[in-house]
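Subject: Handover of a structure and its findings

Dear colleague,

Please find below the structure that I am handing over to you. My findings follow it.

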Amino acid sequence: MRPRLGFPIALLLAAAALPAASTATPESSTRIPLRDAPLDRTQTREVRTPTQFDLVGFAWRGPAPDQVEVRTRGSGEWSEWTELEPAAGGSEPLWTGPADTAQVRASRGGADATGDLELIAIDPGTRPVPTADTRIAGAPPVVGRAQWGADENLMTWPPEPTRTKAVIVHHTAGTNDYSCAQSADIVRAIYRYHAVELKWGDIGYHALVDKCGTVFEGRAGGLRGDVVGGHARGFNRETFGVSMLGNYDRVAPSGKAVESVAEISAWKLGTAGVPADGRTELIAEPANNSHHPAGAAVALPTIFGHRDVSKTVCPGQRGYEKLGPIRARAAVLQRDARP
């Protein structure tokens, strides 16, 4: 099959640089060892940060805890408890919205493990609300890294070439209670968390999609070409990671989000000549949370969910239920794009 798009790939992200704005402020991180916070009778530690944050995550000493739960307080009210899954180097991040206090519970082997954790609180700063680059004919409009405010000084990962054989669909977890004007802030906070705090050197996903259907460029070089991502341990090679902003375990992703995931998947697979409704074979690499041993040849759809290869609920049950419609829609888009 011929690539879906008939325009020069070099034009894909000819995104304008951010306009100067006196209201723009840089993002920042705060790290606080939880062992310094008192442990109460419910095996919970509470910590107040010196400045407000909008995203939290955790790093730890020793093996990953069996369970990590957190809730935060913003305008005087506590959020619900949320369990965070482990990632390489720490936990997955949680977008909280404005907050200044966190309570944490964690266990390992049935014993309290909160004293081994370090809370990572991130303030994404402020930037002008970006718009997608609608000059990209034939592809979904994309908000480029410059547009959403990526600080390229934080990008220390040398892009590693690969080939794209499949798309892996994720969700970022965290809250669904965000406005689409905040989406760039969420992407910027995840970028800092992945690149700096987890020491990945860049954001893990190749593309991110918010509930309004806006597509954000993720990992550097991942849309212009084919580069190894950091989104599914054991299956980062030969895959393209797309993550929906939000938690789609109990709530279904919006129709606009589903459409944009189908569009970006159809386009990316099309540039590699891969049918969106086909199947492929991937070779598993070492990963402690994988369903498959290293070296195993795994047959998979060319669009599949993170949980298909890793021990995770990602992209959430309701998100996973949308993979069939995403594949079908992406296949139609590819057929319609043929000359």
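A disulfide is here a pair of cysteine sulfur atoms within 2.5 Å. The structure holds one such link: the sulfur atoms of cysteine 180 and cysteine 212 are 2.0 Å apart. This link is right-handed, with 90° about the S-S bond. It connects distant parts of the chain, 32 residues apart, since cysteine 180 lies in the loop between β11 and α2 (183-197) and cysteine 212 in the loop between β12 and β13. Helices (H or I, at least four residues) and strands (E, at least two) are DSSP runs, numbered from the N terminus.

Please note that this is a predicted model, in which local features need pLDDT of at least 70 and side-chain atom pairs count only at pLDDT 80 or more, while totals for chains, interfaces and linings use all residues. Residues are numbered from 1 along each chain as its sequence is written, and side-chain values use heavy atoms, with hydrogens and water left out.

For accessibility, buried means under 20% relative accessible area, exposed over 50%, and partly exposed in between (1.4 Å probe, protein chains only). Cysteine 180 is partly exposed at 25%, and cysteine 212 is partly exposed at 39%. Cysteine 314, by contrast, is buried at 6%. Its sulfur is 19 Å from the closest cysteine sulfur, in cysteine 180, which is too far for a bond.

Six strands form an open sheet of mixed pairing, in the order β10-β13-β12-β14-β11-β17; two strands pair if DSSP finds at least two bridges between them. β10 (142-143) and β17 (303-305) stand at the edges with a single partner strand each, so one side of each has no neighbour in the sheet. β17 pairs with β11 (residues 166-171) in the parallel sense over three bridges, and isoleucine 168 stands opposite phenylalanine 304 in β17.

Finally, there are two cores to report. A nonpolar core is a set of buried Ala, Val, Leu, Ile, Met, Phe, Trp, Tyr and Cys residues joined through side-chain atoms within 4.5 Å. The largest has 53 residues, of which Trp148, Leu208, Val242, Ile264 and Ile303 touch the most other members. Leaving aside residues up to four places away in sequence, valine 242 is in contact (heavy atoms within 4.5 Å) with residues including Val167, Ile168, Ala207 and Ile264. A second, separate core of 19 residues includes Val70, Leu84, Ala99 and Leu117.

With kind regards
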